Amino acid sequence: MAIARFFRGRLLLGSVEVKDGEFLVDLADSLGIDIPRNCTSGNCGTCLVRLISGNVPYPDPLPPGLDEFLIEDGGILACCMSPEGACDIDTIPPL
């Protein structure tokens, strides 16, 4: 069983079982963790969070809400990206 853990900095906010294809924002919602969102399609970047560990594949082509600099800092878009297995997510974006 793979687990997604959500943090705010070093504070653990909660953990939930990862279900195939479920977006990170939905996993967070199931824990009562609010990740801001707007477009829900990766265009605006409002849902930007940081991948601490694990595998969350990037779509190809990259959505407009992401760029190479954000990716270098672990940036992922919670509204349109799904983890493959266990992962740790920091809700503080890499800005």
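D34 sits in the loop that runs between α1 (24–30) and β3 (48–54). Helices (H or I, at least four residues) and strands (E, at least two) are DSSP runs, numbered from the N terminus. This is a predicted model: local features need pLDDT of at least 70, side-chain atom pairs count only at pLDDT 80 or more, and totals for chains, interfaces and linings use all residues. Residues are numbered from 1 along each chain as its sequence is written, and side-chain values use heavy atoms, with hydrogens and water left out.

- D34 counts as exposed because its relative accessibility is 63%. Buried means under 20% relative accessible area, exposed means over 50%, and partly exposed lies in between (1.4 Å probe, protein chains only).
- D34 and T91 are 57 residues apart in sequence. Their C-alpha atoms are 9.1 Å apart in space.

**Salt bridges**

- The structure has three salt bridges. The term means a side-chain nitrogen of Lys or Arg within 4 Å of a carboxyl oxygen of Asp or Glu.
- R5 pairs with D88 in one of them, with 2.8 Å between the closest N and O atoms. This pair links distant parts of the chain: R5 is in strand β1 (residues 3–8), D88 is in strand β5 (residues 87–90), and 83 residues separate them.
- R37 meets D29 in a salt bridge, 2.8 Å from N to O. R37 is partly exposed, with 32% relative accessibility. D29 is also partly exposed, at 36%.
- R37 also meets D34 through their side chains, here at 4.0 Å from N to O. Shared partners join D29, D34 and R37 into one salt-bridge network.

**Negative surface patch**

- D67, E68, E72 and D73 form a negative surface patch.
- Patches are made of residues with over 30% relative accessible area and no salt bridge; like charges are joined within 9 Å, and nonpolar side chains (Val, Leu, Ile, Met, Phe, Trp, Tyr) within 5 Å. Accessible areas come from the Shrake-Rupley method with a 1.4 Å probe.
- Asp and Glu count as negative, Lys and Arg as positive; His and the chain ends are not counted. The place of a charge is taken as CG of Asp, CD of Glu, NZ of Lys or CZ of Arg.
- E72, one of the patch residues, lies in helix α2 (residues 68–72). E72 is exposed, because its relative accessible area is 64%.

**Nonpolar core**

- The largest nonpolar core holds 26 residues. Among them, F6, L24, I35, I76 and I89 touch the most other members.
- β1, α1, β3, α2, β4 (75–77) and β5 each give two or more residues to this core. The biggest share comes from α1, with four residues.
- A nonpolar core is a set of buried Ala, Val, Leu, Ile, Met, Phe, Trp, Tyr and Cys residues joined through side-chain atoms within 4.5 Å.

**Backbone points to check by eye**

- D60 and P61 are joined by a cis peptide bond, with omega at about 5°. P61 is in the loop between β3 and α2.
- T40 is not a glycine, yet its phi is positive, at about 60°. T40 is placed in the loop between α1 and β3.
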